[in-house]
Protein chains: 2
Amino acid sequence: VNWLVVLAGGRGERFWPLSRQRRPKQFLRLLSDRTMIQETVDRVAALFPPERTLVVTGADYVDLVCEQLPAVPRGHVLGEPVGRNTAPSVAWAARWIMERDPEAVLTVLPSDHAILRPEAFRKLLRQAVSYAAETGRMTLFGIVPDRPETGFGYIEVARPGPGPIDVVRFVEKPDVVRAREMVASGRHYWNSGMFVLPLGTFWATLERTLPEVAGGAETLVRRPGAESAVFAALPEVSLDVGVMERAGHLAVMPADIGWDDVGTFAAVARIRAEQQPDRVHLDRTDDVVVIGEEGPWVAGIGIRHLVVVRTPDVVLILPPEEAQEVRQVVRQLAERGCHELL
Amino acid sequence: VNWLVVLAGGRGERFWPLSRQRRPKQFLRLLSDRTMIQETVDRVAALFPPERTLVVTGADYVDLVCEQLPAVPRGHVLGEPVGRNTAPSVAWAARWIMERDPEAVLTVLPSDHAILRPEAFRKLLRQAVSYAAETGRMTLFGIVPDRPETGFGYIEVARPGPGPIDVVRFVEKPDVVRAREMVASGRHYWNSGMFVLPLGTFWATLERTLPEVAGGAETLVRRPGAESAVFAALPEVSLDVGVMERAGHLAVMPADIGWDDVGTFAAVARIRAEQQPDRVHLDRTDDVVVIGEEGPWVAGIGIRHLVVVRTPDVVLILPPEEAQEVRQVVRQLAERGCHELL
């Protein structure tokens, strides 16, 4: 049957000061009064009951996941002692499910993305799961691009959707010229990191492409307590690069679902637009977004094109185009010795 | 002998959220780690010992004055039940001193102005006090203007300084064309609200120009406890309009002393320039000034031309040219019912 695997291992340095070492992005209320991981699980709750939901996260965040997703059994939250990117995470989850349900179809979702048209997403997801179950083909979600984004990988197909359709090749993060060509072609989709994986096909592919990861995952499931030793020896590799790009015979489901990876505060500001949290007072401002539910009131007069991130102990002010630089400031503060802020 | 009269009755709405109803501008650390009123008294401490210092303030602020100026005897802090502008304040102080020292020369200073060249100021003040004592002439400080400011009144003289020189007339707040002409003339000074008043001359002039205020002041001194009744009946009138502009035979001491009335956050930002308080982190910013010692860290990335005012419960962000609009926001918040912020 169908299982949900939620990947929640991210660190989210670009969301400081909202995100801290102890509370990365997926555990924040960035877009609504639910956290990103809660939104991720809520969004597909009609398809996956909690007893068929698995979460892979950092060992430090297991308690936080259980707190935010109280319906998910504690044993379904796998805590990685160190992050080794997504291939080991999915492998561990797949092997854990294989022990219980070898015929399963896994839906793998990142825990920190936005989907503005969830109904459309659920419809396509049902289709993709049925298709994957029937055909045994691993099926990716390909996002219909609306801009020449250079920060994502692309999936090329032979003809435009509707899907599922055959994947021709993966294209690494392009330069802007190439990105424009791809968007114009109608035959390229953003790789969203969302996968539908028939367990048999996936496991066979993993054993072929990353046998040491498959072996590690088997040990993790067979010998509880071996996590530290196993992870220390695992390579750091993403599911895309390590498995998908070397798999062949993949399908893609083109999806126009208002997807956003919410990579920076600029994305949060774009998605939230002028929707402000409580305790904000803006007088003759333009394109100003306040992010953060806690901390002091924020009042603005005659300012424009700014993101204000509010927490009880730090207020960060930046124009959205500087959102990538937040990591740099986190580093500078570490150098200044301001560890209490990180 | 010489007495200092400090006027500390202001409300300071333009300094919200630093200033609140319970702590107006003169009691804030706006420019240094001393409050404005402390700076005012410290600056002339060499001329006026605490036992010859008098402060006139709102009744609600008497405790605050005593706390911030512990050397000044509590009986030297006169608390007005309601504000009636500066003529009644100076009249009360003058009459209070007259009972003890009828030959006194009063130096009247606002408690919330900046003087960036205090040594030059003290030198001119000693001159002015000597001159006033010898001649019996009321002597004003006239600030050598460095810009065509339309927010101040001007004092016109027959020939440029050095002073003391005769006042020809007062000019009300001018339009910008007239202000430019006056600055260019070299014969106009800003009226700074700083006065040196030989008590005999002042009292005679007050009895002539504002007899009801002179009478009220006499009652205040003779009958302690009559403050509410007396102030209820007093007219609201400034020392400039009510007395000085109708006095005649005035002298002015031109002063190039780095004076600023610190009317708004824009002035604070200009004076403080890039000097930031603690717990501020700015990365590639230009012309950004953080004001306020308490409250959260302020971090800025790639922002320019902004004033950030920090308090524990409100952070205000504005470009300096909007500093006049702070009062408007205070009114808007009152309308929203956010009284805890005011």
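Predicted model: local features only at pLDDT ≥ 70, side-chain atom pairs only at ≥ 80, totals over all residues.
Residues are numbered from 1 along each chain as written, and chains are lettered from A in the order of writing. Local features need pLDDT of at least 70, side-chain atom pairs count only at pLDDT 80 or more, totals for interfaces use all residues, and side-chain values use heavy atoms, without hydrogens and water.

**View 1. The contact between chain B and chain A.**
Each chain brings 33 residues to the contact (heavy atoms within 4.5 Å). About 2700 Å² is buried between the chains; this is the accessible area (1.4 Å probe) lost on being put together, summed over both. Carbon and sulfur atoms give 63% of that area. On the chain B side, Trp297(B), Ile301(B) and Ile317(B) lose the most area to chain A, together 27% of what that side buries.

Glu322(B) joins Arg284(A) in a salt bridge (a side-chain nitrogen of Lys or Arg within 4 Å of a carboxyl oxygen of Asp or Glu). Their closest N and O atoms are 3.1 Å apart. The count between the two chains is 2 salt bridges.

**View 2. Strands paired between chains.**
Strand 16 of chain A (residues 314-318) pairs with strand 14 of chain B. Strands are DSSP runs (E, at least two residues), numbered from the N terminus. Pairing requires at least two DSSP bridges between two strands. Here the sense is parallel, over 4 bridges. Val315(A) has Val298(B) as its bridge partner.

Terms used: Buried area = accessible area lost by both parts, 1.4 Å probe.
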